[in-house]
Amino acid sequence: MKQGAGQVAHILIVEDNPGDQRLIQEALRETQLDHISAVARDGMEALDYLFRRGPFATAPCPDLILLDLNLPKKNGRDVLATIKADAHLLKIPVVVFSSSSAPQDVASAYQLHANGYVIKPTDLEELFLAIGWIAKFWLGTAALASLIAVDGDALSPIGGRHESGPYTA
């Protein structure tokens with residue numbers, strides 16, 4: 001994203017464990033990147049947020065999604081498949097952040113077009129480092145499709161954020 005002056009990154013954390021939610025948010029704060037995070041506690045809530053349903057009607061389009069796989073109501077694989085099947089959402093980077101190291105989970109996530117798969121470290125310091133690396137890469141280094149528009153042959157920042165209606169990243 002290569003944050004410029006006044007650019008605030010929006011991160012959607014899709015995680016059902018309140019302890020992990022707090023740790024991820026604290027790790028993101030420690031990156032000192034200018035960001036706002038929102039939490040979806042299950043797969044259905046994540047989709048309601050992304051499709052701006054109910055209480056999320058004015059939710060900003062996230063610049064990055066951190067997605068757990070083992071979620072209540074709708075699992076992370078189904079959420080990922082829905083995101084990557086939608087023309088307005090598919091450009092949002094989705095990093096699976098799961099405690100599962102099962103090869104079939106990793107393979108499945110990439111087959112569903114996850115942008116990354118990170119196994120949640122059990123060590124607190126390693127967890128903070130992992131979140132820091134993810135955030136610094138996706139929000140500090142990568143050029144995100146949600147924040148750029150093709151202007152002739154040059155790339156330029158999109159004017160204005162996703163104000164209303166479906167996301168048009």
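Visitor: In which loop does glutamine 32 lie?

Guide: The model is predicted: local features need pLDDT of at least 70, side-chain atom pairs count only at pLDDT 80 or more, and totals for chains, interfaces and linings use all residues. Numbering starts from 1 along each chain as its sequence is written, and side-chain values use heavy atoms, with hydrogens and water left out. Helices (H or I, at least four residues) and strands (E, at least two) are DSSP runs numbered from the N terminus. Glutamine 32 belongs to the loop between helix 1 and strand 2.

Visitor: Is glutamine 32 buried or exposed?

Guide: Most residues other than glycine have a negative phi. Glutamine 32 is not a glycine, yet its phi is positive, about 60°. Buried means under 20% relative accessible area, exposed over 50%, and partly exposed in between (1.4 Å probe, protein chains only). The relative accessibility of glutamine 32 is 73%, so this residue counts as exposed.

Visitor: Which helix does the buried set of helix 2 pack against?

Guide: Six of the eight residues of helix 2 (residues 43-50) are buried, so the helix is largely enclosed by the rest of the structure. The buried residues are Gly43, Glu45, Ala46, Leu47, Tyr49 and Leu50. Their packing partners, by contact (heavy atoms within 4.5 Å), are strand 1 (9-14), strand 2 (35-40), strand 3 (64-67) and helix 3 (76-85).

Visitor: Which residue caps the N-terminal end of helix 2?

Guide: A side-chain oxygen lies 3.0 Å from the backbone nitrogen of methionine 44. A polar contact is a pair of N or O atoms within 3.5 Å; within protein, one must be able to donate a hydrogen and the other to accept it, and residues adjacent in sequence count only if both atoms are side-chain atoms. The oxygen, and with it the cap, comes from aspartate 42.

Visitor: Which backbone oxygen does the side chain of histidine 35 reach?

Guide: Histidine 35 lies in strand 2 and is buried, with a relative accessible area of 18%. Leaving aside residues up to four places away in sequence, histidine 35 touches Val8, Ala9, Ile11, Leu28 and Arg29. At 2.9 Å, its side chain reaches the backbone oxygen of leucine 33.

Visitor: How many residues separate alanine 9 from proline 62 in sequence?

Guide: Alanine 9, in strand 1, counts as buried at 0% relative accessibility. In space, alanine 9 and proline 62 are 7.5 Å apart, C-alpha to C-alpha. In sequence, the separation is 53 residues.

Visitor: Which term describes the orientation of helix 1 to helix 5?

Guide: The axes of helix 1 (residues 18-30) and helix 5 (residues 124-141) come within 9 Å and cross at roughly 60°. Axes are lines fitted to C-alpha atoms, for helices over the stretch in contact, and angles run from 0 to 180 degrees between N-to-C directions. Angles under 35 degrees count as roughly parallel, over 145 as roughly antiparallel, 65 to 115 as roughly perpendicular and the rest as oblique. Helix 1 is therefore, relative to helix 5, oblique.

Visitor: Which residues of helix 5 does helix 1 meet?

Guide: From helix 1, the contact involves Leu23, Ile24, Glu26, Ala27, Leu28 and Glu30. Their counterparts in helix 5 are Leu124, Leu127, Phe128, Ile131 and Ala135.
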